[in-house]
Amino acid sequence: METKLARIAEVAKMHQQEKFTSLAHLINEETIKQCHDGMNGKKAAGVDQKTKADYELNLDANVQDLIERMKRQAYKPQPVRRTYIPKPGSDKKRPLGIPAYEDKLVQAVLAQILNAIYEQDFLECSFGFRPDRGCHDALKVLNKIVNKRRINYVVDTDVKGFFDNVDQGWLMKFLEHRIADPNILRLIARFLKSGIVEAGITYDTPEGTPQGGVVSPILGNVYLHYVLDLWFEKRVRKICKGQAYMVRYADDSVFCFEYEEDARTFYTELIVRLRKFNLEVAEEKTKIVCLNERKGNKHNDKDDGGPGRKHTNSSFDFLGFTHYLWVSDKGVKYIRRKTSKKKFRASLLRCKEWIRNNRHMPSKDFMKKLRIKLQGYCRYYGITGNREAVSNYIDEVKRLVYKWLNRRSQRKSFNWDKFNLFLRKYPLPKPQTYVNIFELGAGQGYVL
């Protein structure tokens, strides 16, 4: 499979107008079993109520039956089970789709095929759900753009309900630019039309992509590649009077401009562009930000914890960080990052709920699991210049641990002296810089 995918990627890279006519044969018993081996057995079951362990009881027969149905066009994806997960810090809930296990396997192979083709087409400005191109890579490139280029304005955009509003007709047209295998196109169309099940009722899905499915991220990237990336690269940048760049992580995008006129013209055209493809801007979350106070920023400066240092209200959020203008003691201005207040509160609320619900665990196990959770937080938010915010988060978690461990019984377990001794035995992670934001990785060719 890897050899065949490598060959597809090679052809796609060498011949950018090539259409692939024979791909369906790659979904076979061997590749399905490979994806089965790589599946997480702890994931929730879909409408079929089958888990990895259930499917594995009769693996050979199940896979053989699946492939035979696909060959005679009798395979139809089952509706996705819709569930909702709470959004910390809000009364709203986030929809989550859980496909049937068999559909997960087919989507996994299909996603590998699509990735092999479209990784050769996607632009350097795109980062979300792509191999070796994570959030930190996007942040590094954005840092390079806003600090080293003549960039004074940022259009911080938010697409309203992107995955629920993808126009399936346009998506299929985009896919046909590269794929001419009718079996693959038919399979994708069936996934798009498979429907959802919520509270026992089946609903049609005339628009959107199958959220929660393995194939959904790559389909979303294909859609935005044609709707946003190519449009910005081939048209917007060429008509701008000054420099212009974009950084996109999935449906979260930041557009950077040298001149205010370019930024405002782009914002107007962006609304029209998205409307053409059944998408719209969330106006309450989209704004034009001035990054240089000399260019018309009228907000008052605010003290920020150091003599002679300040940052302005001209800031924007991207990938969990607030990006803001910083003025050093010597008057040098540049953009820095800190954990956004929204993400800080949401993470702290999730941690609080976990501590409250698990405080009756043995202390050794409790602190071990808590340390693992905090380590993940620190590794993401522990970037250059953000140590203070990470330290504040760990301090808040310590206060929560002290509060809830003292509520395990009617008798108080700790005072602060005993609690500090407890933390010596079971230490929490210390804030440190895990990611050097100035060390460029994937995507560096876009800004150099």
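Here is a short tour of the model, stop by stop.

This is a predicted model, where local features need pLDDT of at least 70 and side-chain atom pairs count only at pLDDT 80 or more, while totals for chains, interfaces and linings use all residues. Residues are numbered from 1 along each chain as its sequence is written, and side-chain values use heavy atoms, leaving out hydrogens and water.

Start by selecting Tyr 118 and Phe 257: these have the most contacts inside the largest nonpolar core, which has 77 residues. Such a core is a set of buried Ala, Val, Leu, Ile, Met, Phe, Trp, Tyr and Cys residues joined through side-chain atoms within 4.5 Å, where buried means under 20% relative accessible area with a 1.4 Å probe, protein chains only. Now colour helix H5 (residues 101-118), which gives this core its largest share, 12 residues. Helices are DSSP runs of H or I with at least four residues, and strands are runs of E with at least two, numbered from the N terminus.

Finish at the open sheet, whose four strands run in the order E2-E1-E4-E5 with mixed pairing; two strands pair if DSSP finds at least two bridges between them. Its edges are E2 (93-98) and E5 (201-203). Inside, select Arg 81 and its bridge partner in E4, Val 197.

Notes
Buried < 20%, exposed > 50% of the residue type's maximum accessible area, 1.4 Å probe, protein only.
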